[in-house]
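Have the viewer open and follow the topics in turn.

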Amino acid sequence: MKQFEYVRPATVAEAIAAAAQPGATYLAAGTNLLDLMKGNVSRPDRLVDVTHLDGLDQIERLADGSLRIGALVGNADLAHDAEFAKAYPAVAEALLAGASAQLRNAATVGGNLLQRTRCAYFYDTASRCNKREAGSGCDARDGENRTHAVLGWSDSCIATHPSDFCVPLVALDAVVEIEGRGGRREIALDELHRLPGNTPERESVLAPGDLIVAVRLPAAARGFAAHARYLKVRERTSYAFAIVSAAAALRIENGKIAEARLALGGVAAKPWRARAAEDVLKGVAPTADAFQEAAWRALADAKPSGDNAYKIELARRIVVRALTLAAAGTPARIPALPASPFASTSGAIHA
Amino acid sequence: MPELNLTSAPAHLRHGSSIGQPLTRRDGVLKVKGQATYAADNHPPGMLFAVIAASSIAHGRVTSLDVAAAKRHPGVVEVMTPDHKPQLAIDPEIKTNPFVFRMEVLQSNEVRYANQPIAVVIAETLEAATEGAVLLAPRYETLPALVGLDAGKSYVPPVVGVGNPTENHLGDVDAGLAAADKKIDAIYETPAQYHNAMEPHAIVAHWDGDRLQIDMPTQGLMLSLARVAELFGIAHDKIHIRSPFLGGGFGSKGLMAGPPALGIMAAKLVGRPVKLVLRREQMYGPVGHRAPTRQRLRIGADVEGRLTALDHHARTVSSTFDDFYEPAADASHTLYAAPAIRTSHDAVRVNTGTPLFMRAPGEATGSIALESAIDEMAWTCGMDPLAFRLKNYAEVEPITGKPFSSKALRACYDQGAARFGWAKRSLQPRQMRDDAGLLVGWGMGTATFPALMFQAQARAVIRRDGSGAMEIGAHDMGQGAWTALAQIAADELGLDIERVEFKAGSSDLPDAGIAGGSAHTATAGAAIHSAGAAVIAKLADLATGDERSPLFGAGNTGVIARDGRLIRRDDESRGESYTEILARAGVAEVEARGTGAPNPAAMEEYAMHAHGAVFAEVKVDPELGQIRVTRMVGAFAAGRIVNPHLVKSQLFGGMIWGLSFALHEEAITDRRSGRIMNANLGEYHIPVNADVPPLDVITVEEHDPHVNALGIKGVGEIGITGSAGAVANAVWHATGVRVRRFPIRIEELLTQR
Ligand SMILES: Cc1cc2nc3c(=O)[nH]c(=O)nc-3n(C[C@H](O)[C@H](O)[C@H](O)COP(=O)(O)OP(=O)(O)OC[C@H]3O[C@@H](n4cnc5c(N)ncnc54)[C@H](O)[C@@H]3O)c2cc1C
Ligand code: SF4
C-alpha cells in the first residue's frame, strides 16, 4: 500500500483544513475507500479520519418536522431505529437491502452517499477509465457492460452510482448539509452527484475540503409513510448491487394519488429521480394503467450504453411493481428479505 | 505449531464401532477458537513478506520493471525478477510426469495470461512489499490476447481429464438419430469458474542450510514434496511440509503451482524465512480454474421414449502452453442406457492460466448439459422427467457393458421423489404459482461420480499402555479427515477413538496420496485398514504363540480386536488386553504398515460409481425474472458412510455448488484484454445464505463389496452433479423458458411475461 499520512482532527474546522489540501481524502468507515486503496485505485497522500468528530452521529427531529441524520450515523443503526423505519420505511428497506450485515454495521451515511461506482474497469487499474484518470478513455464502453447505465450517460462514462440508500432519499427530497472552507451550505441530494458529461472524474459538486455533516429529510417526507417501498432486482438474493432498483412513495387521498415520488437506482451516475413519471400520477387513481404510463415516462429517455438494453425493460417493470407495492401499503414490518421480489415468500429467514 | 489437541469423542459411542457414528469434527473447537494453525499463521523468527507483482496483460512481454524504485521504498529488501533469482535445478517448462504442470517462476519475460507472476518483492512488512510491487510499474509489449471458445483454430487433444480418451463410441450414433422418433439438438455453454477456496494459496518457506521447512496448504503432500525436490534439486528427506489444515482446496491445491515455488525461491534469495500469500485476485490465474465449455447434445428416442442415440460433444479451452482438458462429455458415459453413444471433445488455446481440476471436473460441466438435455428430451417425448430417466436406466455401464459394483440409483430416485413430493408435478411448464403469484418450478437431475482409489500407506502402532497410534500423511481440506479417518483407525485398532493418537497432515508421515477425486477417505481408509489389520495380526501372534496367554493356540484368524483386547472368535469370554500381551512379551509396542490401492481385478470386472438423484424447487418472479431456489432434496448412494454428519455436510456443499453453477458463478473475462473483471468475492457471485434453501439430504443404504475393503465410494464431488441440472430444469419448469447458457441470467427470463 502506498504510504499515507493519517490525521484525526478534533473539530470539523480542523477536518476541513486538513482535507482541503491536494491529495487528502476523508475516511469514514472505509468500507469503500480502503478497498479502493488496497486495489491501488485511490492513492491518497493523507487520510482525514472523521469518525471521531463529535456530534455527527445523531438522529434528530427538528422543530419544523424535518429529520436530521448525522453523517456518521451507521447504516444499520439508522435502518434499525424503529421510529425512523416507521416514518421513512422505504429508506430503511433500501438500507437493509444493501451490502451485508457486517458492512451495514460499519458503513456511515456520508460514506454511503459518496461511495464510488462499481464499474469493473474503474477498479481494474490496467483498464482505461476517464473517471479514474481523466482523459484516458473508457474501456467499459465496448467491454463487459451489461450492468452499466441506461440514463444520463455520456460517451466518456457509462458507470452507475451503486447506492441503494440514495434512491429513496432522493425521492423524498433529501437535503445534504455541507461544511466547507466557505462555511455551511446545503443542497438537494438530487444535485450532489453529477452526470458524467465530459468530466466523469468530477462525481459530485463538492469542493476540496467539503464535509458532509448531515442529511435532512423534510417534513413532507413523512407524509408518504403509509405507501412507500423500495424494490431491488439483483443477481442473488442478498449481498449484490442492484441491476435496477426503484423507490416508490405515494400519498393517497380519497382513492387518488395526491402526490407520487419515484426514483431509480442502478441506471445512472446518480440516483435518478423520475419527475415526469411523478407528474402523470398526480391526481389519478392508483391503477395498473397509470403505473404503466408512469413507467414509460420514467424511461422515456433511456437508451442502452452496451449489452444492457434489457435494463430498460426491466426498469419499467420494476417501476410498475414498486408503485403497485407502494399502493398496496407499507407492510407493518420490513420484510425478512428487504426490497426483494421474494419479500413475501414465507420462510425467509436471512437478509 | 502447537501439538494438535483434538476434542474428544462423545461418551455415548459404542466401543469398537466408530465407523458410522455422526461425530462432530474433532478439530472443530480448535477452529472456532482460532487455534488451528493454517499455513499463513506461521511466523518463524526473521521472516520477511513476499508479494507477487502480477501481469495486467494476458499476452506479450514485460519490457521493463522499475526495480530501483521498488528497492528505494522503505522496508523493501529484495526484488526477484527473471534476471535476478535463484537458479532452479530443472526447467519448470519440463513435464516430468502427467501430474506436473508448467508453472511461471520468472523463467522469462514472456506473459501468457493475465495475473501471471512477473516479479516478487520481498520486504520487512506486507505493506512495504505490496507497495514495492506497485512501484515496479511494469511496462509491456502487448500482443493480441486469445480469448473465448472461438479464439482460434480448434484441435482434438490427445486425452482429456487425466488420461481419458478424447472420444468414446458405442454403436452407430448417426443411425440411432436417423431412426429416432423424437430428437433434440441443443447447445449449452458453461463459463470459466475459479475455485475461490476461502484460504488463499499461501506458503511460509524456511531454508535451514540445505534443509527446507515448508508450511503450505496442499491436497497432495508427497506430490508437492516431489515437485519441490526436483525443482530445487534436493533430496526428499531434506524437505518437510506441514499442511495440517486447508481452508478449502477444491482441486486448486492439488498440484504444486508457481506461487508457492516462488515463495521458496524468495526465501533462498534473501536467506531468511519468507511468507508469500496470494491476494484474492491473484488466485484468478496461476492456480488453476474450471475451463469454460460449449457442449452440443444430440439425443434421439423412439416412440416409447427409449433412447436410440446420445451424442455429446464438448468444446473447451486450454492455455497456450500446457494441456488440461475439462472432460465434460464423459458425463454421458455412465448414466443412460442408449444403444449408441458418442462422446467427443475439441479445444482451442487461449491466453489463460492452465485450467485444472475443480470440484467434479468434467462431471459438473457435463452434468448440467446432459441433465438439461435429458429434461428437454423427456419434454419432447411428453414424459415426466423421472419416468423418462427410469425408462432409460442403465442396468450395466452403457459403453463398457460392465456390471456395476453396486448401484442403488433406483432407491435414490424413489426416496428422493417421495421426500420431495415429485408425483404432484405438472408435466407442462409455467403451471404452478405460489400465493404471492411467483412462478414455481420443479426440476430434477441424476448425480454420478466415479468411485476412485489411489495409493496410500499408513503406519499403525499398539503400545503397552493400551493406546494406539495411526500415522498417515492425509489431508484435511475442511471435509473432516481428522475425524473420519480417526474413526476408521479406532475401529481397525480395536480401540476407543480417544485412545488412538491419529497423526496426519505432515510429509514425514506415510504417503497418503492425494485428497482428490473424492477418493481420499476410501484410499487412506484402505491403508489404515490394512495397517490396522497388520498390527493386530502381530499382536495376535504374540498372544496365540504364547502358552501363558488365554489365547494360546487360537491362531491369527481366531481372534477379534475390541475395546483394547483380543478375544477368541469362538469363545468371547476368553481374551486379554493389549497391555497384558505386550507386558508379558516385554515389548513397548508393536507396529506395522499397510497399503491402500485400487484392485485391478475388480476394476476390470465392474464399473464403480456413486449415484444420486436431486430434486429442486425454484421460484421466479414472472415479470422481473429474479430466481430463487426454495427447496432441494438430494438422495445419494455412495457405499459405506463413515460419518453421516460429515457426509451430509459434503453433500450439502456439493448441492450448494450445483445451485451456484446454475444461477451464480461466472468469471467475467474482458473479451479484448483477456483480463478477468470480477476477480473478487464481491462480484464473483457464489450463493449467500439467503440463496440457499433448506437442504434435505438422504443417504441411501448401499453395500458395495467390490470398491475397496471398507466399501467406501466417496462423497466430495457428487453433490454438484445432478444439482446444477435440477435447478436449471426447475427454472424451465417454472417459466417455460429454456436457458442453455449458464449461469442463468435475469435478462434471459425477461422475454416472456
Ligand atoms: C462487497 C460490498 C458490497 C456492497 N453492496 C452494497 C449494496 O448492495 N448497496 C449499497 O448501497 N452499497 C453497497 N456497498 C457499499 C457500501 O454501502 C459503502 O461502502 C458504504 O456505504 C461506504 O460508507 P463508509 O462509511 O465505509 O465510507 P468510506 O469508505 O469511508 O468513504 C467512502 C467515500 O466517501 C467519502 N466520505 C465519507 N464520509 C464523508 C463525509 N462525511 N463527507 C465527505 N466525504 C465523505 C470518503 O472520502 C470516500 O471517498 C457494498 C460495499 C461492499 C464492499
Ligand atoms: S464507465 Fe466510467 S467508470 Fe467505467 S471505465 Fe468508463 S469512464 Fe471509467
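Helix 10 of chain B and helix 11 of chain B cross in a right-handed way, where right-handed means that the near helix is turned clockwise from the far one by less than a right angle, and left-handed that it is turned anticlockwise. This is a predicted model, in which local features need pLDDT of at least 70, side-chain atom pairs count only at pLDDT 80 or more, and totals for chains, interfaces and linings use all residues. Residues are numbered from 1 along each chain as its sequence is written, chains are lettered from A and ligands numbered from 1 in the order in which they are written, and side-chain values use heavy atoms, leaving out hydrogens and water.

**Helix 10 and helix 11 of chain B**

- Helix 10 (residues 481–493) of chain B packs against helix 11 (residues 520–544) of chain B at an angle of about 20°, with the axes 8 Å apart. Axes are lines fitted to C-alpha atoms, for helices over the stretch in contact, and angles run from 0 to 180 degrees between N-to-C directions.
- Helices (H or I, at least four residues) and strands (E, at least two) are DSSP runs, numbered from the N terminus.
- On the helix 10 side, Leu485(B), Ile488(B), Ala489(B), Glu492(B) and Leu493(B) meet residues of helix 11 of chain B, including Ala524(B), Ile528(B) and Gly532(B). Contact means heavy atoms within 4.5 Å.
- The residues of this contact between helix 10 and helix 11 of chain B divide into 8 nonpolar, 4 polar and 1 charged. Ala, Val, Leu, Ile, Met, Phe, Trp, Tyr, Cys and Pro count as nonpolar, Asp, Glu, Lys and Arg as charged, and the others, Gly among them, as polar.

**Helix 11 and helix 12 of chain B**

- The axes of helix 11 of chain B and helix 12 (residues 578–585) of chain B come within 10 Å and cross at roughly 60°, which makes helix 11 of chain B oblique to helix 12 of chain B.
- The crossing of helix 11 with helix 12 of chain B is left-handed.
- Ile536(B), Leu539(B), Leu542(B) and Ala543(B) of helix 11 meet Tyr578(B), Ile581(B), Leu582(B) and Ala585(B) of helix 12. The residues of this contact between helix 11 and helix 12 of chain B are 8 nonpolar, no polar and no charged.

**Ligands**

- Around ligand 1 there are 32 residues, and Tyr26(A), Gly30(A), Thr31(A), Thr108(A) and Asp164(A) are the closest; a residue is near a molecule if one of its heavy atoms lies within 4 Å of it.
- A backbone N or O atom of Gly30(A) is 2.7 Å from an oxygen atom of ligand 1, and a side-chain N or O atom of Thr108(A) is 2.7 Å from an oxygen atom of ligand 1.
- Ligand 2 has 13 residues around it, with Cys119(A), Cys129(A), Cys138(A), Cys157(A) and Ile158(A) coming nearest. Its shell divides into 9 nonpolar, 2 polar and 2 charged residues.

**Backbone details in chain B**

- Most residues other than glycine have a negative phi, and most peptide bonds are trans.
- Asn115(B), which is not a glycine, has a positive phi of about 75°; Asn115(B) sits in the loop between strand 4 (110–111) and strand 5 (117–123) of chain B.
- Phe742(B) and Pro743(B) are joined by a cis peptide bond, with omega about 0°.

Note on methods:
Polar contact = N/O pair within 3.5 Å; in protein donor to acceptor, adjacent residues only side chain to side chain. Parallel < 35°, antiparallel > 145°, perpendicular 65-115°, else oblique.
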